[in-house]
Every structure is written in C-alpha cells, then in structure tokens.
Amino acid sequence: MKVILLEDVRKVGKKNEIVDVADGYGQNFLIKNHKAVLATAGERRNLDRLKAQEAANQEVLKEEAGATAKRLETIVLKFNASVGKDGLSTSYVSTKQIVKELREKYDIRVDKRKIINPHPIAAFGKTEVEVELFKGVIGKITVELIAK
C-alpha cells in the first residue's frame, strides 16, 4: 500500500514522502492515527502543490537572509574591555553578547547557535564573526574589542 506521510515516522520515512508499507500497518496505524493518507491521484496533486509552495517559501526566506547578510557586513559592534597587567584583555565577548547587541541596536534576530566560530573573542582589535543565516547564506559581522 502506498501512503503519503503527514509527519516523520521512525524507520518509515520523512514528512511528505510517498512510501510503500504493509496494508495492515498503513490502514490500522498510519492512516488511523493521522500520520499518513492513502496515496491517491488527488493526494499526489495536493502533495505536488504543497512542495511547490514550500519551495517558494524557502526561496523567499533565502532572499531575506541574503538581504540581512548584506546589512550585517556594514555593522561594527564595539565592546569595551579592561586591560590586565600583561596587556591582554581581562574579559571577553561571547556569542550571547553579540546576539543581544544585534537585537537591541539593529533589530536583527540571530540565533547564537548559528554563529560558525562560537569561541569567545578576547583579543583587542577587530574580529570577523560569521553567522549562518540560512542554509548556504553566511553573514559576516565585525566585532571590535576596545581597551578602556
């Protein structure tokens, strides 16, 4: 029996996939529990339409991420840090601080887990930080640590 999965089912397949399952399993578990629908011609057309719509939505999100990436390149985040005896910074800038600063000053929402090199910045001067805004779209933020 061929069914279209409405959600991810472990060891069967992912959402919106057409899979071949045993008749009893498909009828008594997947369809009964609203995890799948029978793969009729009408449902296949609905699936094709849904996939086309999802592809269009993903394209829009990718364009928005590209625009955000261009905007991030113009931003320089400045943080102050005190200088220790040896001339090195006594504090550092974390990804959490970078995300907070972007949200408060520039109204840009970035997930701190999407920062590619998540190590704290402790060196004085300018450092470039890369953020994955969307799959394949990478934005670069300049972070400047200033001695006070």
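This is a predicted model: local features need pLDDT of at least 70, side-chain atom pairs count only at pLDDT 80 or more; totals for chains, interfaces and linings use all residues.
## Chain layout

The chain holds three helices and six strands. Read from the N terminus, the order of elements is β-β-α-β-α-β-α-β-β. The radius of gyration is 24 Å, whereas the globule rule gives 15 Å for 148 residues; the chain is therefore more spread out than a compact globule.

## Contacts and surface

Buried residues make up 28% of the 148 in the chain. The accessible surface is about 10,200 Å². Carbon and sulfur atoms account for 49% of that surface.

Contacts between residues at least 6 apart in sequence were also sorted by separation. Of these, 51% join residues at least 24 apart.

## The largest pocket

The largest pocket has a volume of about 170 Å³. Its lining includes Leu61, Glu64, Ala65 and Thr68. Arg109, Val110, Asp111 and Lys114 also line the pocket. Val131, Glu132 and Leu133 complete the list.

Which elements each supply at least two residues of this lining? They are α2 (41-73) and β5 (125-134). The largest share comes from α2, with four residues.

By residue class, the lining divides into five nonpolar, one polar and five charged residues. Among the lining residues are the charged Glu64, Arg109, Asp111, Lys114 and Glu132. Thr68 is the polar one.

Conventions:
Residues are numbered from 1 along each chain as its sequence is written. Side-chain values use heavy atoms; hydrogens and water are left out. On a 1 Å grid over the protein atoms alone, a cavity is a set of points where a 1.4 Å probe fits but cannot get out, and a pocket is an open set with protein on both sides within 12 Å along at least five of seven lines; lining residues have an atom within 4 Å of a point. Grid points are joined across faces, edges and corners, and a volume is the space filled by probe spheres set on the points. The radius of gyration is taken over C-alpha atoms; the globule rule is 2.2 Å times the number of residues to the power 0.38. Buried means under 20% relative accessible area, exposed over 50%, partly exposed in between (1.4 Å probe, protein chains only). Contact means heavy atoms within 4.5 Å. Accessible areas come from the Shrake-Rupley method with a 1.4 Å probe; for residues, only the protein chains shown count as cover.
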